[in-house]
Amino acid sequence: MSALAKPRDAALRARAEKVVPSGMWGHLHAAKLPSGYPQFFSRGDGGILWDVDGNRYVDLMCSWGPNLLGHHHPEVEEAAERQRRLGDCMNGPAEVMVELAEMVVDTIAHADWTQFQKNGTDATTTCVTIARAATGRRKILVAKGAYHGAVPWCSPSLIGVTAEDRVHLSYFTFNDIESLEAAVKAGGDDIAAIVVSAYRHDLGFDQELPTEDFAKAARRLADAKGAALILDEVRAGFRLHAAGSWEPLGVRPDLAAWSKAIANGYALSAVTGSDWLRKAASQVFVTGSFWAGAVSMAAALATLKVVRRDDVPAHIARLGETLRTGLETRSRQFGVSIRQSGPAQMPAVLFDDDADFAKGTAFCNAALSRGVYFHPKHNMFLCAAHTESDIATALAAAEHGFATVAGL
Ligand SMILES: Cc1ncc(COP(=O)(O)O)c(C=O)c1O
């Protein structure tokens, strides 16, 4: 089957090229995706997305995370609409901020308090600032290749970044206790924080869940140094475990950064913290024109109610297992060797002998032509609105993808 027609997308790209540098910025630039992928979308419903040319996709990227319950979830939309009629961006927060903060502190196991921002980068950066303020130290230990946002201290690109922006960062390898110990030793008495992602979800690599030993070592080393353990929950938050992704490991952070799924697509992030960091959190100057916006807070409150009531992580894990098993069976049928990694609710699919991602790209383009949006390098995301029938559609499209790869 040939690529889907996208004349409107092509026309919009041409117009955007003239008024937006390179037509689009960052990770959502279609040039970073297989050639058949659209840049522009017109609407979403549940776990389905339509591009501007009217092509329909079972969406396995879920807005790169934020779409947790499905587009237009009735309870979230009702709460957001009610708040929108009252007011959104005002001279201060609405009552809903306190209700949401109570809900967050009640939901997130480690949290004694919370503060709200807009993007995940705001939250991770705020965590780092609070840790430095509380400890009076400078060094931040981060895992090599981990993504914590798009500002100079943590951006994956060094373009426009100075060496000075990173001077107090040291690196370790995720799940490698020795490398973390070495970084801690090198940091001496100047370590403010150890920052770890909920699991290793680096772009283009097999995903890795944290070992219990590693999580416990991170906790132990942070305690030994009097440093903060910061958990970056921006990507995984509310998909793995409602109370915190490391709860099953029995390890709680001092600070955690949340965003993406917290308000089911509305712009909101949160920092959660332990009591010993409360004073520092009240002293640092962190703010933004839109950080008190009430509509996204109302949406988050409704989202968290649904996440808890319906045990959304367990539901999407079941869907993810069906997808994973189906992909394994079908790839074998076509003699194509794949590696599936990460939690089932955030699946990553990579092909063996595919250093240049040519197989992944061919697979994705073929599946896209059958109406399913996979990603060749990045972890994907399931949402609670995906149905068994959507997964069946994804598997049928994957068959076409595997047949295409087998014929390369
Ligand atoms: C693990 C992680 N941390 C931080 C961020 C930054 O979040 P945002 O893009 O909302 O600033 C992301 C975004 O993808 C992320 O995946």
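1. The backbone of tyrosine 147 supplies an N or O atom that lies 3.2 Å from a nitrogen atom of the ligand. The model is a predicted one, and the points below should be read with that in mind.

2. A backbone N or O atom of glycine 120 is 2.7 Å from one oxygen atom, and a polar side-chain atom of arginine 235 lies 2.8 Å from an oxygen atom. The ligand exposes 390 Å² when taken alone, and the protein buries 88% of that area.

3. The residues around the ligand include Asn119, Thr121, His148, Gly149, His201, Asp232, Val234 and Lys260, along with Gly120, Tyr147 and Arg235. By class, this shell divides into six polar, three charged and two nonpolar residues.

4. On the overall fold: the protein chain has 11 helices and 13 strands. Its radius of gyration is 21 Å, close to the 22 Å that the globule rule gives for 408 residues, so the chain is as compact as a globular protein of that length. The C-alpha trace spans about 60 × 55 × 45 Å along its principal axes. Of the 408 residues, 56% count as buried.

5. One hairpin is worth a look in the viewer. Strand 11 (residues 338-341) pairs with strand 12 (residues 348-351) in the antiparallel sense, over four bridges. Glutamine 340 has valine 349 in strand 12 as its bridge partner. Six residues lie between the two strands of the hairpin, and glycine 342 in the turn has a positive phi of about 85 degrees.

Technical notes: Residues are numbered from 1 along each chain as its sequence is written. This is a predicted model: local features need pLDDT of at least 70, side-chain atom pairs count only at pLDDT 80 or more; totals for chains, interfaces and linings use all residues. Side-chain values use heavy atoms; hydrogens and water are left out. A residue is near a molecule or strand if one of its heavy atoms lies within 4 Å of it. A polar contact is a pair of N or O atoms within 3.5 Å; within protein, one must be able to donate a hydrogen and the other to accept it, and residues adjacent in sequence count only if both atoms are side-chain atoms. Accessible areas come from the Shrake-Rupley method with a 1.4 Å probe; for residues, only the protein chains shown count as cover. Ala, Val, Leu, Ile, Met, Phe, Trp, Tyr, Cys and Pro count as nonpolar, Asp, Glu, Lys and Arg as charged, and the others, Gly among them, as polar. Two strands pair if DSSP finds at least two bridges between them. The radius of gyration is taken over C-alpha atoms; the globule rule is 2.2 Å times the number of residues to the power 0.38. Buried means under 20% relative accessible area, exposed over 50%, partly exposed in between (1.4 Å probe, protein chains only).
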